[in-house]
Amino acid sequence: MKEIKILSPCGLLGYGYPETSFRRGLEQCPDVIAVDAGSTDSGPYKLGAGMAIVSRQATRKDLLPILAGGHQRNIPVIIGSAGGAGARTHVDWSMEVIEEIVREERLSLEAAVIYADVDRGYLHQKLDENRIEPLGPVPELTHAAIDAALRIVGQMGCEPIIGALDQGAQLVVAGRAYDPAPFAALPIHRGFDPALALHLGKILECGALCATPGTTKDAILGYLRDDHFIVEALDDGRKCHPTSVAAHTLYEKDHPYLLQGPGFELDLSECAFEAHGENGVRVSGSRASATERYAVKLEGASQVAFRTIFIAGVRDPILIENIDEITRGVTDQIREDYRELPDSGYQILFHLYGKNAVMGRLEPLGEPGHEIGVVLEVVASTQELASAICARARSTMLHYPYPGRKSTAGNLAFLYSPSDIPCGPVYKFNVYHLVEVGDPCELFRTEYRKVR
Amino acid sequence: MARAARLYDLATVLRSKNAGPFELTLDVIFDDEESYQIVKRSGVINRELVCRLYRVRPEEVYHVVCFDAARAIKITIKRPVDSGGIGDTDVYGAQQHAPLIDVMIPIED
C-alpha cells in the first residue's frame with residue numbers, strides 16, 4: 001500500500017503546540033512537516049504595515065523543534081504564508097528567525113525561499129489585458145488601486161513548492177500560499193491523488209482544530225493513501241470524530257463542499273467520513289477538477305486613515321437609558337465645533353459594549369445591561385486630527401447633559417490615564433482579485449540558499 | 001399539538017466566521033441525524049429568513065446549502081463592512097451568529 005505521512009505541528013506557526021504531541025508525530029516518521037504561518041483573518045494591517053500576527057519569540061519557540069526534528073530525521077519542512085501575510089518583509093523576517101536557530105543549533109539546510117510579491121507593472125499589464133477579475137463582492141480593480149496598495153501578494157498553489165522540492169530543498173519557506181498547499185505539495189509531487197491531498201491539506205492546515213476538543217494549538221497527523229486518507233489526533237485528550245472532521249471541511253469557506261483553489265475546484269459532496277481506530281477518521285470520495293483557466297488570488301492593502309480611541313465605562317442607570325441621545329448629541333456637537341471641516345474628513349464611531357457593539361444594527365435584543373463599555377473611535381486623514389477630534393469628543397461626552405441627570409460630576413469611567421490612545425494607520429484590503437496566469441509559477445520567485 | 005425548538009438547542013455547532021475579508025459564513029452543524037433532518041425538512045432556514053435577520057438583499061445571500069455528509073447547513077452572505085475596515089465590529093466575524101440563536105423550528109409529533 002502506498003502511503004505518505006504529513007505532520008502538522010499547529011494551526012498557525014507561533015500559536016504554540018505541546019512538545020509531547022509533536023514528538024509522538026515525529027516517532028511515526030512523517031514524510032513531511034508542514035505548517036501554515038498566515039491568515040487574512042486578522043484583517044489587512046499585517047499586509048499593509050508589514051507586521052506579523054505572532055511575536056518573533058513565539059515563532060522561534062515553535063520553529064526550533066520543527067527545524068531540529070526535521071534536520072535530525074531528514075524530513076523536509078515546508079512553511080506557507082511565512083510571517084503572517086507572506087510578503088517579502090514577512091518572509092525575510094521569518095528567514096532571520098530561521099537563520100538564528102540554524103546557527104545556534106549548528107544545523108545545515110538546503111533552503112528554498114519563495115517570494116510571492118507581485119510586480120505592479122505586471123499587474124497594470126494584466127489589467128489592460130482584462131485578465132483580472134474581482135473575487136467576491138469587491139469593485140473592479142483599477143490602475144489607481146494597484147498604485148495605492150502598499151504591498152500586493154499572490155497566493156501560490158502547490159506548483160512553486162513542488163519546484164523547490166524538485167531542486168532538493170529540505171526547507172521551503174513560502175510567501176503567501178494557498179493554506180493547504182504546503183501540505184499537499186509533496187504528496188502531489190509523489191503522484192498521490194491531488195483531490196485527496198488538497199482535502200487533507202485543508203484539514204491539517206488548522207492543526208488539531210478538526211478534533212474534539214478542537215484547537216489550533218496542537219499537532220495532528222495525516223496518512224494519505226491511494227483512495228483515502230486518515231487524520232489522527234496525537235494528544236490523548238483529543239479525538240477525531242467523523243462529525244468534527246466533516247465540520248472542519250466547511251470551516252471558513254463560503255460553500256460547504258465546493259472549494260476553489262489555485263487552478264482547481266474541489267468537490268467534496270460525495271465524501272464519506274468514517275471512524276478509524278481509537279481517535280482517527282477515514283475520509284474518501286474527495287474529487288477535484290482543473291479549472292479552465294488558472295487564476296491566482298491577489299491580496300493588496302492600502303492605508304486609508306488614522307485612528308484614535310478612548311475606552312470608558314458607563315454605570316449610571318439614567319445615563320444608560322439616555323445613551324443613544326447622548327452619543328447622537330456628542331456627534332452633533334463635534335460636527336458643530338468642527339464645522340470648518342467637511343463631514344467626510346473624519347468619522348466618529350461609538351461602540352457600546354453591553355448594548356450592541358458586536359452586532360450593531362443587526363442586534364436582535366434591545367435592552368442594555370447594567371453597565372456599558374464605551375469605545376469611542378475617531379478616524380481621520382491624519383493622526384493629529386484623529387486625536388484632536390477624539391479629545392474633543394471625550395471632553396464633550398464627559399460632561400454632556402441629559403434629562404433627569406443625578407451623576408452630575410461626569411459621565412465616563414475612563415479605563416486609563418491618559419485616556420486617549422492613538423492607534424496609528426488604518427488599512428483596507430483594496431486588492432482582492434483573481435489574475436489569470438499562463439504558468440502557475442510566473443508570479444513567484446524562488447531563491448535557493450544554503451543555511452548553516 | 002405542534003411543538004417548536006430553538007435552533008440553538010437543536011444544533012451542536014452554531015458559528016460564524018469570515019470566508020475571506022468580504023464574506024461572512026454561518027455554519028449550523030448537528031451531531032444527530034434526527035435534529036439535522038428536522039431542521040433541514042422544516043425549510044425554516046432559507047434565503048428570506050437570512051435577508052430578514054441579517055438585513056441583506058437576496059443577491060447578497062450567496063449560499064444557503066445543506067451538506068448531508070457533515071449534517072451541516074451553511075449560509076454565506078456579504079459582510080456589512082470588510083474585515084478590519086472602518087466601521088467593522090468583528091474582525092474575524094466570529095460572533096455574528098446571534099440572530100440565528102432564537103430561530104424557532106417546528107417539530108412534528
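The following questions and answers cover sheets, helix packing, domains and a chain contact in a predicted model.

In this predicted model, local features need pLDDT of at least 70, side-chain atom pairs count only at pLDDT 80 or more, and totals for chains, interfaces and linings use all residues. Residues are numbered from 1 along each chain as its sequence is written, while chains are lettered from A and ligands numbered from 1 in the order in which they are written.

Trainee: Which strands stand at the edges of the open sheet of 10 strands in chain A?

Mentor: Strands are DSSP runs of E of at least two residues, helices are runs of H or I of at least four, and both are numbered from the N terminus. Two strands pair if DSSP finds at least two bridges between them. The order is β12-β13-β9-β8-β1-β2-β3-β7-β4-β20 (chain A), with mixed pairing. Each edge strand has a single partner, so one side of it is left without a neighbour in the sheet; these strands are β12 (272–276) and β20 (445–451) of chain A.

Trainee: Which residue in β20(A) stands opposite Glu110(A)?

Mentor: Strand β4 (residues 109–115) of chain A pairs with β20(A) in the antiparallel sense, over 7 bridges. The residue opposite Glu110(A) is Lys450(A).

Trainee: What angle does the direction of helix α4 of chain A make with that of β4(A)?

Mentor: Helix α4 (residues 88–104) of chain A packs on the sheet and touches β3 (77–80), β4, β7 (171–174) and β20 of chain A. Contact here means that C-beta atoms, placed from the backbone, lie within 7 Å. Axes are lines fitted to C-alpha atoms, for helices over the stretch in contact, and angles run from 0 to 180 degrees between N-to-C directions. For α4(A) and β4(A) the angle is about 170 degrees.

Trainee: Is helix α3 of chain A parallel, antiparallel, perpendicular or oblique to α4(A)?

Mentor: The axes of α3 (residues 56–73) of chain A and α4(A) come within 10 Å and cross at roughly 50 degrees. Angles under 35 degrees count as roughly parallel, over 145 as roughly antiparallel, 65 to 115 as roughly perpendicular and the rest as oblique. That angle therefore makes α3(A) to α4(A) oblique.

Trainee: How many charged residues are in the contact of α3(A) with α4(A)?

Mentor: Residues of α3(A), including Arg56(A) and Leu63(A), meet residues of α4(A), including Ser94(A) and Ile98(A). Ala, Val, Leu, Ile, Met, Phe, Trp, Tyr, Cys and Pro count as nonpolar, Asp, Glu, Lys and Arg as charged, and the others, Gly among them, as polar. The contact has 7 nonpolar and 2 polar residues, and the charged number 2.

Trainee: How far apart are the C-alpha centres of domain 1 and domain 2 of chain A?

Mentor: The bounds, from an automatic or database domain assignment, are 3–116 + 155–291 for domain 1 and 304–427 for domain 2. The distance between the centres is 43 Å.

Trainee: Which element gives the most to the side of chain A that touches chain B?

Mentor: In this contact 41 residues of chain A meet 40 residues of chain B. Elements of chain A that each supply at least two residues are α10, β12, β15 (295–314), β16 (346–353) and β19 (420–436). With 5 residues, the one that gives the most is β19(A).

Trainee: What is the bridge partner of Asp27(B) in β5(B)?

Mentor: Chain B has an open sheet of 4 strands in the order β2-β3-β5-β4, with antiparallel pairing. Within this sheet, 7 bridges join β3 (residues 23–29) to β5 (residues 72–78) of chain B. The partner of Asp27(B) is Lys74(B).

Note on methods. Two residues are in contact if their C-beta atoms, placed from the backbone, lie within 7 Å.
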